[in-house]
Amino acid sequence: MIILTLNCGSSSAKYQVYDWETKDVLAVGIVEKVTVGGSFINHKAKGKDEVTFNHDCPTHTDAIDLIIKTLTSKDTGVISDMSVIKTVGHRVVHGGDKFTKSVIVDKTAMEAFTAMQDLSPLHNPANIMGIEAAKKVLPDVPHCAVMDTAWHQTMPPENYMYAVPTEWYEKYQVRRYGFHGTSFLYTAKRAAVLLGQDPFKTNVIICHLGNGASINAVKDGLSFDTSMGITPLEGLVMGTRSGDVDPSLPFYVMRKTGMSASEIESALNKKAGLLGLTGKHTDRRDIQAAAEGGDKQALRAQYIEAHRVKKYIGAYQAVLGRVDALVLTAGVGEFAWFMRDKILNGLDGIGMVYDPKKNEVSRTRNTETLISKPESKIPIYIIPTDEELVMTEDAYALMQGTYDTHTHFKYSFQSKDYINKGRAEGLVNDLKKNPALADIIAKPI
């Protein structure tokens, strides 16, 4: 059985093809610059060379069509035709408080996603377009929605309510929702495996650090608090998002510049963060190179980003009381050792003691690593996330009628013996290039 997962952004469409019988990833890729011109696809099929080629995609329907043609092509394909795909899993960023778990997409679900577009104007419209486009091409298979917000529905009111008029919550659903839930679910479950603990007796702090970034305090295996809020703008410094600012700041800038509310919203989401601080960079590698070259703005941006992450780690240790592990994940968390160095340096006082040499060695998406020193009271893990696998397993279980909330559902990766075949193959090459990696591979306790 073949399962397709799709993650449609405003101008992109990511995909993965998974063979349920062999438990193996057959292909992954992304169509970039959808709707904006100059579209191209980057495609990697198992056992074949990675390919990139241009193809105009004025709509998401065109992007889905391109993905299908690429997957079934004699040269780049991994399946004979689309009839072998039995279900499709879709990422939906904002599910509000309507969804506590993944669902089969029906009319009611689509109406709910549409109603929440005001809460996520940068994400939900693209997610909806992706679902509609995929349904046109694959009308006879179940389509499943996996919400970023569902994981966080276990937060208590004192953690998700804002100190604003209650009427705003009751009438307009103003509250903290949190995002990156699929990533947090995966890494929280994997952390429990590595710790050798019952997942529902495990407290961890997880830092999902990428172009979008957030932190999650997980208490007894459930989301307890998180840095993103009613939208993904709140919290950490991100690639183009400001994260936390004084709520009066937008009004001050509007008075000074004459900018409209929509212009301010766009600026804080698309022109702030690391891009705003450096004037030109969002990629941490570019910022690191600039900092090493003496660019003071780049160096300052790194310390501002690291400082914000440190503050949240300390705050979440306080609200959890007991922390069993600190976890870093996503692109920056998995590869940017120089940013991890700035974040972790100085956390000794709260029991998190990292090893700089181990930290520098850990640069892989193909294995989990332990980068803390033996004397560290709290272990520090790098756990590469796998949101696509969560989406795949949710979609399969929904199709089979065996799915439930994660408190009553067990994933394959919760097994002590779980192996990701693709990553295991990739690790062989990683170890050839970086032999020292073998010494820091994390093993279940």
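Axes are lines fitted to C-alpha atoms, for helices over the stretch in contact, and angles run from 0 to 180 degrees between N-to-C directions. The model is predicted, so local features need pLDDT of at least 70 and side-chain atom pairs pLDDT 80 or more, while totals for chains, interfaces and linings use all residues. Residues are numbered from 1 along each chain as its sequence is written, and side-chain values use heavy atoms, without hydrogens and water.

**View 1. Helix 6 packs with helix 15.** Helix 6 (residues 181–195) and helix 15 (residues 387–400) have axes 8 Å apart and an angle of about 95 degrees; helices are DSSP runs of H or I with at least four residues, strands are runs of E with at least two, and both are numbered from the N terminus. Helix 6 is therefore roughly perpendicular to helix 15 (65 to 115 degrees). Contact (heavy atoms within 4.5 Å) involves residues including Leu-185 and Tyr-186 of helix 6 and Leu-389 and Met-391 of helix 15.

View 2. Strand 1 (residues 2–8) and strand 2 (residues 12–19) run antiparallel, joined by 7 bridges, and Leu-6 has Tyr-15 as its bridge partner in strand 2.

Terms used. Two strands pair if DSSP finds at least two bridges between them. Angles under 35 degrees count as roughly parallel, over 145 as roughly antiparallel, 65 to 115 as roughly perpendicular and the rest as oblique.
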